[in-house]
Amino acid sequence: MPNPVLRLENALGRDKVISNPLALKHLFRRLSVPGPIGAHQPCSLPLALVKAGDSKDVQAAIEVANHHRIPVTPRSSKGGPLHYGSHPCPGGILLDLSPMNRILSIDTKNRMVKIQPGVTWVQLTRQLSPHGMMVMNPLLPLPERSVITTLLDREPPLNPKFEMGEPLLSMELIWPTGERFRTGSASPIGYPSNFADGTYPYGPGPIDPLRLLQGALGTMGVVTWANVKVEWRPNPNKTFLLQSKSLEQAVELVYAIQRLRLGNECLILNSTNFKLIFGAQPAERWAALLVLGGPRWFPDEKIAYEEEALQDLLRDKFPSVLWEEAGASDEIGHDLSHILRKPCDTAPYWKTALKGAYEDIFFITQLERAPLFMDSVKEACKERGHDSACVGVYVQPLEYAAGAHMEFHFYYDPAEKKEKELINSLIPDILERALDLGAHFTRINSPLVAKAVYQRVEPNYKRILHQTKKLLDPNKIMNPGKVL
């Protein structure tokens, strides 16, 4: 019986399979993966790395893995530290999807782009720009990060409008059994050479396979292409910087803005994160950003009445809030919307600029509860002697502020042993405090978070998850040991 590597070479070609240990070490020497928390550890080597060029290559690799009962870990982003879900399993196949980096179509009529998993944020942003279009991105993603991976991970878009919350429309995927499957209105036979347009995300039938893949860290299948919602890039734009002394006031202000349905991008940053992203020190501790963008029809008129409504709100309800049009002052000097609507283009990456390393905790909550979580973090930092000024905070309202994504960034110097040990003890404590306050974790980014969250999950829910996994992946080859 041929060994797995030989089977892979026969099925895909030798040029697509790398199995030499020295070659693998060379490829992985700069890659790292988060350890239990705080430190980054060397990445363990897989049995082979497969460079998939199309969906047939993906199917072939998965069929070999099923035959030999060896794990498969998909990876689609380029460069940077490996995402927790992309950490290769020893003795398995690392399925590299980055060569599948074609933008297959740009459909301006249906406001949709069809892309492969290797398409990155910097690539897609550049290709859509001449068409005057954009994908609603999260906060400054890494330029070489896969767009599809980002969307499957549920990273929140900066625009809190309800219709912006689900950018994924339909997709093709390979189940862990090797079968090909299409979702939504891309599922009819003959797509795309039939009546279907691929814009409807749900189905086929009464099932919703999209939900099985979101947040699953590659444990439920491999996406080979996806239709993604795009929007016309607003022009002109006015970005307003609204500064508050307290998070409570910033939250009240954002609630009021969202009740009036004003603007597009809307978010809250503390002064630490604001300075790291925009290079300017705000006057107050908390800064809310609101972008008023002009649509294709009557753009100036829309901005004018929204600006008038915003000024009326600030005058009548929030007279103590400092506000200015960002770009009108010498301190900032440019419209911040151009920074927010693209991947991070600074070196080093903004999260590593302060001290060289960081740890994140993020979850979903009610916007009004954000100050409670902030107080909890301050208390934990005070108890351990950690300077809370080195903690970045980002609050993203969701669906007109019906909910909120809250994110804490703990910056530290990886060369300082005591500082690293402090973060190692601080993060688990803050995680437990957040869970006690009702934080809802929909994205698992480390084994520590997975353990803490699943310890509190109702047993029947875990049982159903495992039953679903067993049904779709009977040989347990798809990225074992991650979430499920």
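Two strands pair if DSSP finds at least two bridges between them. Helices (H or I, at least four residues) and strands (E, at least two) are DSSP runs, numbered from the N terminus. The model is predicted: local features need pLDDT of at least 70, side-chain atom pairs count only at pLDDT 80 or more, and totals for chains, interfaces and linings use all residues. Residues are numbered from 1 along each chain as its sequence is written, and side-chain values use heavy atoms, with hydrogens and water left out.

**View 1. Strand S14 and its two partners.** Strand S14 covers residues 237–244. Seven of its eight residues are buried (under 20% relative accessible area; exposed is over 50%, partly exposed in between; 1.4 Å probe, protein chains only). Eight bridges link S14 to strand S16 (residues 286–293) in the antiparallel sense. Lysine 238 stands opposite leucine 292 of S16. S14 also pairs with strand S17 (residues 322–325), again antiparallel, over four bridges. Here phenylalanine 240 has glutamate 325 in S17 as its bridge partner.

View 2. S5 and strand S6 (residues 93–96) run parallel and share four bridges. Proline 74 has leucine 95 in S6 as its bridge partner.

**View 3. An aromatic cluster.** Phe363, Phe373, Phe408, Phe410 and Phe441 form one cluster. Rings of Phe, Tyr and Trp (its six-membered ring) pair if their centres lie within 6.5 Å; planes under 30 degrees apart count as stacked, over 60 as edge-to-face and the rest as tilted. Phenylalanine 363 and phenylalanine 408 form a tilted pair, 6.4 Å centre to centre with 35° between the planes. Phenylalanine 363 lies in strand S18 (residues 357–365) and phenylalanine 408 in strand S20 (residues 403–412), so the pair ties together parts 45 residues apart in sequence. Phenylalanine 363 is buried at 3% relative accessible area; phenylalanine 408 is buried at 1%.

**View 4. An arginine over a ring.** Arginine 443 lies over the face of phenylalanine 362, 4.1 Å from the ring centre. The criterion is NZ of Lys or CZ of Arg within 6 Å of the ring centre and within 35 degrees of the ring normal.
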